[in-house]
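Thank you all for coming. I would like to walk slowly through one model this morning, so please keep the picture in view while I talk.

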Amino acid sequence: MTARSLRSGEDADEFDVEEALALVKEDNGAAHRAPVPPAQASGRASEPGARHKATPWTEARATAARAARTVTRSARRAPVSVRLEDALGLTLAAPLDALTDLPSFNTSAMDGWAVAGPGPWAVRDEGVLAGHAEPAPLTDGEAARIATGARIPPDTTAVLRSEHGQTDEKGRLHATREVVHGQDIRPRGQECRKGDQLLPPGALVTPAVLGLAAAAGYDTLTAVPRPRVEVLVLGDELLTEGAPRDGLIRDALGPMLPPWLRALGAEVTAVRRLGDSAAALHKAVTRSDADVIVTTGGTAAGPVDHVHPVLDRIGAELLVDGVKVRPGHPMLLARTKENQHLVGLPGNPLAAVSGLLTLAEPLLRTLAARPAPEPYTLPLRDEAHGHPYDTRLVPVVLRGDRAVPLHYNGPAMLRGIAAADALAVVPPGGARPGQEAELLDLPWASAGIGVCFT
């Protein structure tokens, strides 16, 4: 499976919530692009044919995160007010403070009887249901049927659970076990008092956070807006339907990238298919108002690889021009406008995934004010072959306390990553069985499909 034919040619900085919220307060092709140096002091993309040294993998990730921080300080990243139903996956830009006591009145924790004083008790004819006005007070020796969530009558001693009470032939209620004062009553303010901070700025809005916000009285949340991403799919050889034929291949990245980018916290505003046209690419890039432009293919130095020439033409600043990682070596990151970046992904599918996790993930995570995931390692069950000089990202499945490297991990293959739980970061030279390897979780493996694809 491939998206494009072969062409010729962390120690990332810790995410700083306060800073981000300061306004609320193996290879990609048959041959590689000839090495070219970083952007010159002018800040423009390097001249074609100039030489460069690719950026180390960890440094490239840190550079992407730093690039986003310059944008989070600008007015364009100002917080927004979002209705609860639209807030899943966003990051809180303001504290979630309780708007009321929770619970806001004394409430029954169980179905049963509200009782006053010692038993046995005479049972009222009328019961107490949830959602009704406060009932009349109880007197000693009196009980009233009560439902879970209903308001406790004044002067109630305890709630006797349905299974712990029985009535005699005279209709009087008896307890079948000891009654403790206050049992099964949720007192007002048990969970929080009005004004208590329930969650700080920087908290990720999960389904549970939505429930808490609703319970606390919120209809909207103040959140960091999703970074807007436009995807530009390059390549004349790509089909959008049917089986590969006549030298044409199916576009794998067009269907894969938008949901993956959404999983990383982005709002995908458009997916445009441009073919191999420098003019079309130039027009699309210069007219885009997205926060991040993601291109596929065209980052090497073949006759139809137009990304570098277009970036040079518009005076873009190349922040990362090639990364010491396999697959995906010719990925790039450029600043195209003051508040806009372009991530150039290689055209081969697994190489593009490598570019997503190396450059797009830290960039989008920081723009979305999401906290950096805690790094973790697991020992490898089997040997993972490495590159002599570069980091290698290898799809793995997690089996108990071991990570198992998968086959079909060439740059043009998706079979391995489709079955994977994570990518193992394999150092130059490879890793032996039992060696600890850093793991990069895939969004759906770490967050759950229902959460991450929002």
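Asp-246 sits in the loop that runs between β16 (238–239) and β17 (249–250), and in this model, which is a predicted one, the phi of Asp-246 is near 50°, a positive value in a residue other than glycine. Is Asp-246 buried or exposed? Its relative accessible area is 74%, and because anything over 50% counts as exposed, Asp-246 is put in the exposed class.

Tyr-408 is found in the loop between β26 (402–405) and α8 (415–419), and with a relative accessibility of 41% it counts as partly exposed.

Let me step back to the whole chain for a moment. The secondary structure of the protein comes to 10 helices and 28 strands, and of its 454 residues, 52% are buried. The protein exposes about 20000 Å², and carbon and sulfur atoms supply 51% of that area.

After α4 comes Gly-265, whose phi is positive, near 100°.

From the α4 side, Leu-253, Met-256, Leu-257, Trp-260 and Leu-261 take part, and they meet Pro-349, Ala-352, Val-353, Leu-356, Leu-357 and Leu-364 in α7. If you sort the residues of this contact by class, you find 11 nonpolar, no polar and no charged.

The contact is made by Ala-278, Leu-281, His-282, Val-285 and Thr-286 of α5, together with Val-307, Val-310, Arg-313 and Ile-314 of α6. By class, this contact of α5 with α6 has 6 nonpolar, 2 polar and 1 charged residues.

While we are at α6, which spans residues 307–314, please note that its buried residues are Val-307, His-308, Val-310, Leu-311 and Asp-312. What do these buried residues pack against? Their partners are the helix α5 (278–287) and the strands β19 (292–296), β20 (317–321), β22 (332–337) and β23 (340–345). Just after α6 we come to Gly-315, which takes a positive phi of about 75°.

One more helix residue deserves a look, and that is Thr-63, which lies in helix α2 (residues 57–72). At 13% relative accessibility, Thr-63 counts as buried, and, leaving aside residues up to four places away in sequence, it touches Leu-319 and Val-320.

Gly-182, by contrast, is a loop residue, found between β11 (172–175) and β12 (185–186), and at 30% relative accessibility it counts as partly exposed. Once residues up to four places away in sequence are set aside, Gly-182 touches Thr-157 and Ala-158. Gly-182 and Leu-160 are 22 residues apart in sequence, and their C-alpha atoms are 9.9 Å apart in space.

Leu-102 and Pro-103 are joined by a cis peptide bond, with omega about -10°, and Pro-103 lies in the loop between β4 (96–97) and β5 (107–108). Gly-119 and Pro-120 are likewise joined by a cis peptide bond, here with omega about 0°, and Pro-120 has its place in the loop between β6 (112–115) and β7 (121–123).

Technical notes. Residues numbered from 1 in each chain as written. Predicted model: local features only at pLDDT ≥ 70, side-chain atom pairs only at ≥ 80, totals over all residues. Heavy atoms only, no water. Helix = DSSP H or I, 4+ residues; strand = E, 2+ residues; numbered from the N terminus. Buried < 20%, exposed > 50% of the residue type's maximum accessible area, 1.4 Å probe, protein only. Areas by Shrake-Rupley, 256 points an atom, 1.4 Å probe, with all protein chains shown as cover. Contact = heavy atoms within 4.5 Å. Nonpolar A, V, L, I, M, F, W, Y, C, P; charged D, E, K, R; others polar.
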